[in-house]
Amino acid sequence: MKKEKKPASDTAIQHLEATLEAVEADLGRFNQGVWVRGTQNGRHAEMCFACFAIELFGTSKERASLRFDGSYKDLGAEVLCIDKYAARRLFWGENTLDDIKGIITELKEARSCVQ
């Protein structure tokens, strides 16, 4: 029997929208093809969507530990309060910002269908 995907929670939607706003406010640092690439003036120079989320919602220890490491898929999913299926789709390295917006919209629509 196939397991049904659980809809995103209100908290997840809030975190996704806040992360999207942060990316849009700092497009020069957004690069979905990297996890984290170097630092500039004490800040990570380029980051993917997951790392933006970790910077916003992670603990200080989690933020300080950001490195080029695929384990941040799990941490990104955790801080965004999304399941691993949604995380895989959202964090795919070839996603454009429009792709990410579309995935967030789908998650929001699925959430509203359940309520």
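Is arginine 89 buried, exposed or partly exposed? Arginine 89 is partly exposed, with a relative accessible area of 26%; buried means under 20% relative accessible area, exposed over 50% and partly exposed in between (1.4 Å probe, protein chains only). The views below come from a predicted model, in which local features need pLDDT of at least 70, side-chain atom pairs count only at pLDDT 80 or more, and totals for chains, interfaces and linings use all residues. Residues are numbered from 1 along each chain as its sequence is written, and side-chain values use heavy atoms, with hydrogens and water left out.

**View A. Arginine 89 pairs with glutamate 106 in a salt bridge.** The closest N and O atoms of this pair are 2.6 Å apart; a salt bridge is a side-chain nitrogen of Lys or Arg within 4 Å of a carboxyl oxygen of Asp or Glu. Arginine 89 belongs to helix 5 and glutamate 106 to helix 6 (residues 97-114), so the pair links distant parts of the chain, 17 residues apart; helices are DSSP runs (H or I, at least four residues) and strands likewise (E, at least two), numbered from the N terminus. Glutamate 106 is partly exposed, at 41% relative accessible area.

**View B. Lysine 84 and aspartate 74 form a salt bridge between two helices.** Their closest N and O atoms lie 3.2 Å apart. Because lysine 84 is in helix 5 (residues 84-91) and aspartate 74 in helix 4 (residues 72-80), the pair ties together parts that are ten residues apart in sequence. Lysine 84 counts as exposed at 53% relative accessibility, whereas aspartate 74 is partly exposed at 45%.

**View C. Helix 5 has a buried face.** Ala86, Ala87, Leu90 and Phe91 are buried in this helix. At the start of the helix, a side-chain oxygen of aspartate 83 reaches to within 3.1 Å of the backbone nitrogen of tyrosine 85.

**View D. Aspartate 26 and arginine 29 meet through their side chains.** This salt bridge spans 3.1 Å from N to O, and the structure holds six salt bridges. Arginine 29 counts as buried, at 9% relative accessibility.

**View E. Glycine 38 is placed in strand 1 (residues 36-40).** Glycine 38 is partly exposed, with a relative accessible area of 45%. Leaving aside neighbours within four places in sequence, glycine 38 is in contact (heavy atoms within 4.5 Å) with Arg43, His44 and Ala45.

Terms used. The arc is that of the directions from the helix axis to the C-beta atoms. A polar contact is a pair of N or O atoms within 3.5 Å; within protein, one must be able to donate a hydrogen and the other to accept it, and residues adjacent in sequence count only if both atoms are side-chain atoms.
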